[in-house]
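Please read each one alongside the sequence and the coordinates.

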Amino acid sequence: MFHRFANPTRFLRFAAVIQPWIAAITVALIGSGLYLGLFNSPADYQQGETVRIMYVHVPSAWMALFCYSAMAGACAIALIWKHPLAELSAKATAPIGAGFTFLALVTGSLWGKPMWGTWWVWDARLTSMLVLLFLYLGYMALNNAFDDPARGAKSSSILALVGFVNVPIIKFSVDWWNTLHQPASVVKMTGPAIHASMLAPLLLIGVGFTTYYLWVMLIRIRYEVTANKIRTLQRRQAATGESQA
Amino acid sequence: MTGLSEFLDMGGYGHFIWPSYAVVAVVMVGLLIISRRELGTALRDLDALDAPEAPEAEQ
């Protein structure tokens, strides 16, 4: 019984110490990024003021892919080495990644209407992002679909790994297919094709969203560890109750 | 005052830009609050389960 919680217990103590620091860094990064993005950066010469949607849209889309990659990596570690924290962190990551994917889709729609003249098109980038949202939701549903949590974890981990094929498809969809969506401006071989006054708020909010992810993930892992302890205690109390009866 | 309404108007695109920021704020703050509340409830449940019996403390 001791070794089962040894690792998570040490992790919980560590998480409690760094959590307030991560929270403070997150607020500072996103706050300064919003200030620069809304007050201290120019309107785009083609897109006008709507370019300000970029400061929340692009980091959301980055995080949608980052969270999925982290989740799939954690699922692989959970399947191969049966590391208990890996499985919990995958489970903790899924709703955050789903949230960011939803935000990328909604803010993209709000940007598409004034610039493309439509809320939605079924092109490669948009459709593959919608598939990503369904992968997150499918992972979460499958994880909870079994009475035995271990079976749920295993099946959903396999789904997450198979679904990982969608991540490079999303990233390169704008190069492989004709799409309304513009190609990458920041992460490209020739360096960022975007002025520093726009790049600074974009990166600040991007890093801020990453620390936000770590912040909420720590809370959710603490929740999952606690829920596991409750399940174990309930099972033990039920067992002792039966043996006494 | 014209400075503020001009800023909120965002060159005529205010009604696309501000909803984008609003939905991001609602989802991110909401997810944070829900996660914290779930953790709080679970910690209280664990205390309640642990208290009556099980003197052999974990760790």
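1. A residue is called buried if 20 or more other C-beta atoms lie within 10 Å of its own, exposed if 12 or fewer do, and partly exposed in between, with C-beta atoms placed from the backbone. By this criterion, 38% of the 245 residues of chain A are buried.

2. This is a predicted model, in which local features need pLDDT of at least 70 and side-chain atom pairs count only at pLDDT 80 or more, while totals for chains, interfaces and linings use all residues. Residues are numbered from 1 along each chain as its sequence is written, and chains are lettered from A, with ligands numbered from 1, in the order in which they are written.

3. Chain A contains 7 helices and 0 strands; helices (H or I, at least four residues) and strands (E, at least two) are DSSP runs, numbered from the N terminus. The C-alpha atoms of chain A fill a box of roughly 75 × 35 × 30 Å along the principal axes.

4. Contacts (C-beta atoms, placed from the backbone, within 7 Å) were also examined in chain A. Among those with a separation of 6 or more, 76% join residues 24 or more positions apart.

5. A:Lys82 is not a glycine, yet its phi is positive, about 55°. A:Lys82 sits in the loop between helix H2 (54–81) and helix H3 (84–116) of chain A, and it is exposed, with 11 other C-beta atoms within 10 Å.

6. B:Met10, also a residue other than glycine, has a positive phi near 50°. B:Met10 belongs to the loop between helix H1 (2–9) and helix H2 (14–50) of chain B. With 19 other C-beta atoms within 10 Å, B:Met10 is partly exposed.

How values were computed: Contact = placed C-beta atoms within 7 Å.
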